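This briefing goes through a predicted model.

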Amino acid sequence: MFWEKEIETIPERELHRLQLGRLKKTLKQAGKSPAYGKIFKTHRISLDKIKTLNDLKRVPFTTKEDLRKNFPYGFVTMAKEKIVRVHSSSGTTGRATAVFHTVNDLEGWANLVARCMFMTGVRKGDVFQNMVGYGLFTGGLGFQYGAERLGALTIPSGSGNSKRQITLMGDFETTVIHIIPSYALHLWKVFAEMGLDPRKDTKLRIALIGAEPHSDATRQRIEEMYGVQAFNSYGLSEMNGPGVAFECPEKSGMHFWEDHFIVEVIDPKTQKVLPDGEEGELVFTTLMREAMPLIRYRSKDLAAIFPEPCRCGRRHRRISRIKGRSDDMFILKGVNIFPLQIDMVLMNIPEVGTNYQVVLEREDFQDKMVVRVEVRPEFFRGELRQLENLRRQISESLKSEILVTPKVELVEPDTLPKSEGKAVRVVDRREM
Ligand code: COA
Ligand code: AMP
Ligand code: ZN
């Protein structure tokens, strides 16, 4: 069963023809933005040089740094009158990025999410509860419009308030949830505390899980805990958000939609394009975006392409689970965090010494971040307890930058282990 049979089962040659046409259109559109205008001029990229898909390799990569340098409007191709939405990453320290959409962009995105949901078995008549953040996070509105496009009855519950989530599931007889895997583990514990068993006390049948790395063992655990089929959902804001790649009922790799994206895998060090099957960094080119097309965008996510045809009949290739990152970004409670953001916040507080340590833990079904901070000797009067205001200030400043609430612990000067060379300040002890 397909959402769009013709496009999902398109033969390879036809797909490549479609991609080439869309690529040319995209490059033309991209060239209208100040940033690509300059890049194309510097690298002498002109449309007549793009004769095959292989010629895409002539175009240089676009990085998150490029997006930041050109923040906010540098990659936008048209007047504001035609743009209807922006999604932006967290960060007040100059680390933010923004992605803009026209009405057509949003339509295309909603259709892709509907395609993914339909592929996993979601149908009209299903009751869909979307338990991720709305607003600037793409998972909220992205799934909302996708589910509406499909025709499911939607509950835009957003993140947090776990007991209410469970009540909503009971009241409206939710059958499908979108949930971050680490939160699914936590929510199960809240079910148990309420004396409920999601397998018996809900009508759940499908869980769409993603937005953070997780193992197949975690998926299986969620399937057992909730009595559902769980499917991995991958996306990134720069490529709309959810709807980029998704598992089909075969659950062996995620189909990425080749009519909307050209995906390359590169060696992050040499930047050479790798053959299918080899693991490297995913690089994306949008094929359908108007407001802000991106060409050869380096995602920093590590995965491999499975070239073999899938038994489900879809001709779009699949990627493996995301194996890691080629940069130091980590994800906590579904929120992306760069260590540099933490560093910038801490180093702006005069009482903070030069040494600190960040530990990520999964304890009692809950993820948390502990930030141990050395107090500068000049400010230390022998009692850490007297510095409660400082502790609170650090916690609030970090929360406003990284969005999640850290547990801040002050420690005496010169008590944290000093690392040799480049400081490794984030220790991830979460079991994936
Ligand atoms: N998804 C949904 N709810 C979450 C969550 C997650 N990943 N992580 C925590 N929560 C819940 C907590 O259980 C708590 O609710 P409860 O006390 O009723 O159980 C509430 O959100 C607040 O969480 P807490 O961990 O105390 O606060 P925080 O300040 O550290 O986290 C949030 C802040 C709200 C940003 C974060 O929890 C959140 O919303 N995460 C989801 C992000 C997201 O949707 N990303 C998707 C990108 S596509
Ligand atoms: P954002 O741009 O905030 O939507 O975050 C996108 C990032 O989240 C990706 O680049 C990945 O690092 C991560 N991510 C999203 N979905 C998954 C997934 N299913 N598995 C692993 N990581 C994911
Ligand atoms: Zn398949």
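In this predicted model, a backbone N or O atom of Gly133 sits 2.6 Å from an oxygen atom of ligand 1. Another oxygen contact of ligand 1 involves a side chain: an N or O atom of Ser162 is 2.5 Å from an oxygen atom of the ligand. The points below cover both ligands, then the helix pair and the loops.

**Ligand 1**

- The shell around ligand 1 holds 18 residues, and Gly133, Ser162, Lys333, Lys399 and Thr405 are the closest of them.
- A nitrogen atom of ligand 1 is 3.0 Å from a backbone N or O atom of Gly334.
- On its own, ligand 1 exposes 860 Å², of which the protein buries 74%.
- Sorted by class, the residues around ligand 1 are seven nonpolar, nine polar and two charged.

**Ligand 2**

- Asp301 places a polar side-chain atom 2.6 Å from an oxygen atom of ligand 2.
- For Asn336, an N or O atom of the side chain is 2.9 Å from an oxygen atom of ligand 2.
- For Arg325, the corresponding separation between a side-chain N or O atom and an oxygen atom of ligand 2 is 3.4 Å.
- Ligand 2 taken alone exposes 500 Å², and the protein buries 87% of that area.

**Helices H11 and H12**

- Two packed helices are described by the angle between their axes and the distance between the axes.
- Helix H11 spans residues 339–347 and helix H12 spans residues 388–402; their axes come within 10 Å and cross at roughly 145°.
- The crossing of H11 with H12 is right-handed.
- On the H11 side the contact is made by Gln341, Ile342, Val345 and Leu346, and on the H12 side by Ile394, Ser397, Leu398, Glu401 and Ile402.
- Six of the residues in this H11–H12 contact are nonpolar, two are polar and one is charged.

**Backbone features in loops**

- Most residues other than glycine have a negative phi, and most peptide bonds are trans.
- The peptide bond between Phe71 and Pro72 is cis, with omega about -5°.
- Pro72 belongs to the loop between helix H4 (64–69) and strand E1 (85–88).
- Asn161 has a positive phi, near 55°, although the residue is not a glycine.
- Asn161 lies in the loop that runs between strand E4 (153–155) and helix H7 (162–172).

**Surroundings of Lys203**

- Lys203 is in the loop between helix H9 (198–201) and strand E6 (206–210).
- Leaving out residues up to four places away in sequence, Lys203 touches Glu173, Thr174 and Thr175.
- With Glu173 there is a polar contact from side chain to side chain, at 3.3 Å from Lys203.
- Gly170 is 33 residues from Lys203 along the chain, and the C-alpha atoms of the two are separated by 8.1 Å.

Definitions and conventions
Residues numbered from 1 in each chain as written. Chains lettered and ligands numbered in written order. Predicted model: local features only at pLDDT ≥ 70, side-chain atom pairs only at ≥ 80, totals over all residues. Heavy atoms only, no water. Axes fitted to C-alpha atoms, helices over the stretch in contact; angles between N-to-C directions. Helix = DSSP H or I, 4+ residues; strand = E, 2+ residues; numbered from the N terminus. Left-handed = near helix turned anticlockwise from the far one by under 90°. Contact = heavy atoms within 4.5 Å. Nonpolar A, V, L, I, M, F, W, Y, C, P; charged D, E, K, R; others polar. Polar contact = N/O pair within 3.5 Å; in protein donor to acceptor, adjacent residues only side chain to side chain. Areas by Shrake-Rupley, 256 points an atom, 1.4 Å probe, with all protein chains shown as cover. Near = heavy atom within 4 Å.
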